[in-house]
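Hi everyone, thanks for making the time. Have a look at the structure on the screen, and I'll walk you through a few parts of it.

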Amino acid sequence: MTSSSQAHTGQTPAPSAEAEALHRALFTLDSHIDIPWPDRGDAFEDTDARRVDLPKMKKGGMSAGCFVAYIAQAKVDAEGHAQAQAQCLAMLDVINGMQGSQNGVTARVCSTVTEIEAAHKAGVLAVIPAVENGYAMGDDPAVLAQFRAKGARYVTLTHNGHNALADAAVHRPSLGDKPENHGGLSALGREAVRHMNRLGLLIDVSHASKKTMLQAVAASAVPVVASHSCVRTLCDHPRNLDDEQLDALKASGGVIQITAMPAFLKPRDGEAPRSAGVADFVDHIDYVVRRIGVEHVGISSDFDGGGALADWQNATQGVNLTAELLRRGYDRSEIAAFWGGNFMRLLGQAEAVAEQTGTIG
Ligand SMILES: [Zn+2]
């Protein structure tokens with residue numbers, strides 16, 4: 001399945017015709033993409049100002065992307081919560097505007113597996129809204145229903161800095177954080193998890209502390225996702241998941257979406273500027289596959305949120321990943337699982353649980 005990683009030369013061979021053809025034929029989903037804020041109305045323009053816009057997705061053979069309303073952590077108080085909520089709803093409105101046809105590109109905002117699959121079948125790009133930072137719901141889990149009503153499919157419990165829901169992997173003393181404020185999830189955070197399960201919102205544990213992540217796995221009726229994280233054994237960064245966390249993901253059926261953030265992929269080599277490439281990225285996929293299996297790992301870029309690799313600079317270059325996965329010996333079904341199949345399985349599970357509890361929407 002995998003021929004282990006060779007020494008990386010830093011040179012990227014051009015993708016083979018086989019890789020190009022496979023990449024175009026697959027359903028390819030990037031599970032974490034930021035949008036510029038304030039909005040510039042340029043989603044349908046092929047602009048150097050964005051690593052992901054809709055023309056680049058089309059050109060690069062991408063099928064779907066989760067676009068996040070990212071809310072920076074600020075003070076945990078009523079004023080901060082009101083601002084965060086208002087900005088989050090405004091950002092979700094902008095993401096909902098990323099549909100229709102312009103400049104030869106057609107996109108559709110999708111918020112169910114059925115809608116995403118229909119868009120793909122029609123040859124239309126699927127835009128999937130999401131929320132990064134539970135801070136945006138403040139201290140009122142009822143706000144989560146407003147996010148879901150605007151199509152959101154996951155909420156990242158925290159960003160960098162603790163919020164009212166949970167402790168983050170990275171604490172912010174400047175915001176008054178202790179190393180731990182809650183010891184993982186707060187009572188409010190547990191209530192939020194129950195609401196998210198009922199609404200069909202996936203619980204995203206990227207940015208969460210280890211305790212928060214393990215408690216969320218146990219508390220959630222739906223397997224959790226890490227929408228943009230890497231492997232701690234390969235790169236000791238607090239944002240990454242260690243072996244115990246990977247094992248918990250496996251036991252619960254969850255998925256880690258490896259991300260294109262050099263600081264999470266490769267330890268710093270002395271004073272040299274850090275750079276990483278798709279070979280380093282696929283080392284993390286290989287590790288997860290060997291430890292917990294093909295069905296628990298996927299792909300995210302964190303483009304326009306800090307992510308970029310030497311040979312995966314923007315949404316036009318995803319084929320380089322497909323080519324590296326082929327080189328490592330993965331077959332078509334395995335590559336399809338990484339490029340969206342596993343993430344779509346979780347979306348389907350979230351929908352099934354929401355339907356059972358009968359309160360979706
Ligand atoms: Zn993030």
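Let's start with an aromatic cluster: Phe-281, Phe-303, Trp-312 and Trp-339 form one together. Before I go on, a word on what you're looking at: this is a predicted model, where local features need pLDDT of at least 70, side-chain atom pairs count only at pLDDT 80 or more, and totals for chains, interfaces and linings use all residues. Residues are numbered from 1 along each chain as its sequence is written, and side-chain values use heavy atoms, with hydrogens and water left out.

Okay, back to the rings. A pair of aromatic rings is described by the distance of the centres and the angle of the planes. The rule here is that rings of Phe, Tyr and Trp (for Trp, its six-membered ring) pair if their centres lie within 6.5 Å; planes under 30 degrees apart count as stacked, over 60 as edge-to-face and the rest as tilted. How many aromatic pairs does this rule give? The count is five. One of them is Phe-303 with Trp-312, an edge-to-face pair at 5.1 Å centre to centre and 65° between the planes. Then there's Tyr-330 with Phe-338, also edge-to-face, with 5.0 Å between centres and 85° between planes.

Phe-303 has a relative accessible area of 1%, so it is buried. Trp-312 is buried as well, at 1%. Tyr-330 counts as buried at 3%, and Phe-338 does too, at 1%.

Next up, the metal. Which residues hold the zinc ion? They are Glu-132 through OE, His-207 through NE2 and His-228 through NE2, at 2.0 to 2.2 Å. Donors here are N, O and S atoms within 2.8 Å of the metal (3.2 Å for Na, K and Ca), and because water is not among the atoms, sites may look incomplete. Along the sequence, the spacing of the donor residues reads E-x74-H-x20-H. The two histidines link distant parts of the chain: His-207 is in the loop between strand E7 (202-204) and helix H7 (210-219), while His-228 is in the loop between strand E8 (225-226) and helix H8 (243-252), 21 residues apart. Those labels come from DSSP runs, numbered from the N terminus: helices (H or I) have at least four residues and strands (E) at least two. His-207 is buried, at 6% relative accessibility, and His-228 is buried at 1%.

Now for charges. Side chains of opposite charge can pair when their charged atoms come close. We call it a salt bridge when a side-chain nitrogen of Lys or Arg is within 4 Å of a carboxyl oxygen of Asp or Glu. The structure has 17 of these salt bridges. Take Asp-46 and Lys-56, whose closest N and O atoms are 3.2 Å apart. Asp-46 lies in the loop between strand E1 (29-34) and helix H2 (54-59), and Lys-56 lies in H2, so this pair ties together parts that are ten residues apart in sequence. Asp-46 is partly exposed at 48%, whereas Lys-56 is buried at 6%.

Another salt bridge joins Glu-324 and Arg-327, with 2.4 Å between the closest N and O atoms. Both sit in helix H11 (residues 319-327), three residues apart, which is about one turn of the helix. Glu-324 is buried at 6%, but Arg-327 is partly exposed at 39%. Salt bridges that share partners also join Asp-283, Asp-286, Glu-324, Arg-327 and Arg-328 into one network.

Last stop: helix H10. Lys-266 forms a salt bridge with Asp-280, at 4.0 Å between the closest N and O atoms. Lys-266 is in the loop between helix H9 (262-265) and helix H10 (278-292), and Asp-280 is in H10 itself, 14 residues away.

Notes: Buried means under 20% relative accessible area, exposed over 50%, partly exposed in between (1.4 Å probe, protein chains only).
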